[in-house]
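Me: I have a structure open and would like to go through it. Can we start with the inside and the outside?

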Amino acid sequence: MLREELEKRELESLALFALKSGQSRGRRYPEPKHPYRTEFQRDRDRIVHSTAFRRLQYKTQVFLNDEGDHYRTRLTHTMEVAIIARSIARALRLNEDITEAMALAHDLGHTPFGHAGEDELNKLLENKGGFEHNRQCIRVVDILEKRYPEFPGLNLTYELREGILKHHSDKKHPDIPLDLQTAAGPSIECQVVNIADEIAYNCHDIDDGLASDILSEKQLYQISVCRRQLEAIQKEFPNSDSHMKRHIMVRRLINEFVSDLVNQTFEIINAESSSDYDPAGGVDPVLLAFSDSVQNENRDLKQFLFTNLYRHPKMVRAADQARQIISGLYHEFRSNPEKMPFSFRERLGVEPDHLVAADYIAGMTDRFAIAEYEKNNKG
Ligand code: MG
């Protein structure tokens, strides 16, 4: 099917407030369009072919990358977010291609060692504008990926770049490109990815938390949404072992959150008057929402994970080590910039050295960061 036909199909079949690839505001550097892929399909493909995407495989989500082969990595997390987001987008007649592209890109700017890594880098750059992974993701796709002789970065559509930045609170930050500083967003597809991210990590952190024995099934009875599932599972499958029960529960949790979101959002969308919708003005955030009861359960689940998993002594210890590595590397590259590869060193005259060091460190995988750190601290 030709691109023009695909664009026509989008116009005919997608919801009024969905993004349409034929109406994209385009790329920073104009390029001829592809004969049979839409602009958003092309965006998605560029993300998957990027180097930053492949590095996600060796970056920590929550459990350090070398702790076990079955825990989520940032790559498998990203893939879970993408499939959940696509299911929601398809059910709501939103643009699946741009939703998938946003999901696949959403963590490209993440540092090694998960939150602890981001936190530490932010602290180190405190007086220099700070560090934040969504903003860094824009730097990755606009500047740091080098794959085309004609332009820097991946030259993605405005809609994807705006979706990557999300609802950034400080759009006037000097690191945010000018064209995104006035973005109205977030698009409804961006909102879908945000919620899919949350559903994915809440559910898979419960799963990995149980697998690691940091969380226990008994503890989960404290939260109503898990208690409800566990009691039902116990009745239906009394002879199942704890592994099987865990799998059933996680599957049902995802389904419950997604179904509630889709049903609730349908109601809100149908109640909205579509006549005063302005596609250039972004979408009212209340369009995408859980019901009140599931919203409360979601909040309780997050709180539970924060207290019992993310703040668990084992995790805190790992986070402390991660901070030490990030801070050690930062100081090392600030005082000895010649230790960075040429592609970073060559930018030193043009950009401040703290930014170049942060770009280099943020792009590292866990194992590369550890190896670099050990090299510098030998003997
Ligand atoms: Mg994420």
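Me: What share of the 379 residues is buried?
Reply: This is a predicted model. In it, buried residues make up 54% of the 379 residues.

Me: What about the surface, how much of it belongs to carbon and sulfur atoms?
Reply: The accessible surface comes to about 18,100 Å². Carbon and sulfur atoms account for 51% of that area.

Me: And what is it built from, how many helices and strands?
Reply: There are 18 helices and zero strands.

Me: What radius of gyration does the protein have, and what would a compact globule have?
Reply: The protein has 22 Å. A compact globule with 379 residues would have a value near 21 Å, so the two agree. Along the principal axes, the C-alpha atoms fill a box of roughly 65 × 55 × 35 Å.

Me: What part of the contacts joins residues 24 or more positions apart?
Reply: Counting contacts with a separation of 6 or more, such pairs account for 70%.

Me: Changing topic. How many disulfides are there?
Reply: The count comes to zero. A disulfide is a covalent bond between the sulfur atoms of two cysteines.

Me: Next, backbone angles. Which phi does Phe113 have?
Reply: Phe113 has a positive phi of about 65°, although it is not a glycine. Most residues other than glycine have a negative phi. Asp213 is another non-glycine with a positive phi, in its case about 70°.

Me: Where are those two found?
Reply: Phe113 is in the loop between α5 (96-105) and α6 (114-124). Asp213 is in the loop between α10 (188-211) and α11 (217-220). Phe113 is buried, with a relative accessible area of 5%, whereas Asp213 counts as exposed at 67%.

Me: Back to the α5 and α6 loop. What does His110 touch there?
Reply: His110 is in that loop as well, and it counts as buried because its relative accessibility is 2%. Neighbours within four places aside, its contacts are Lys59, Arg74, His115, Glu118, His133 and Ala362.

Me: And which helices do the buried residues of α6 pack against?
Reply: They pack against α4 (74-91), α7 (133-144), α15 (313-335) and α17 (353-363). The buried residues of α6 include Gly114, Glu118 and Leu121.

Me: Last one, charges. How far apart are the mean positions of the positive and negative ones?
Reply: The mean positions of the 51 positive and 61 negative charges are 3 Å apart.

Technical notes: Residues are numbered from 1 along each chain as its sequence is written. This is a predicted model: local features need pLDDT of at least 70, side-chain atom pairs count only at pLDDT 80 or more; totals for chains, interfaces and linings use all residues. Side-chain values use heavy atoms; hydrogens and water are left out. A disulfide is a pair of cysteine sulfur atoms within 2.5 Å. Helices (H or I, at least four residues) and strands (E, at least two) are DSSP runs, numbered from the N terminus. The radius of gyration is taken over C-alpha atoms; the globule rule is 2.2 Å times the number of residues to the power 0.38. Buried means under 20% relative accessible area, exposed over 50%, partly exposed in between (1.4 Å probe, protein chains only). Contact means heavy atoms within 4.5 Å. Accessible areas come from the Shrake-Rupley method with a 1.4 Å probe; for residues, only the protein chains shown count as cover. Lys and Arg count as positive and Asp and Glu as negative; His and the chain ends are not counted. The place of a charge is taken as NZ of Lys, CZ of Arg, CG of Asp or CD of Glu.
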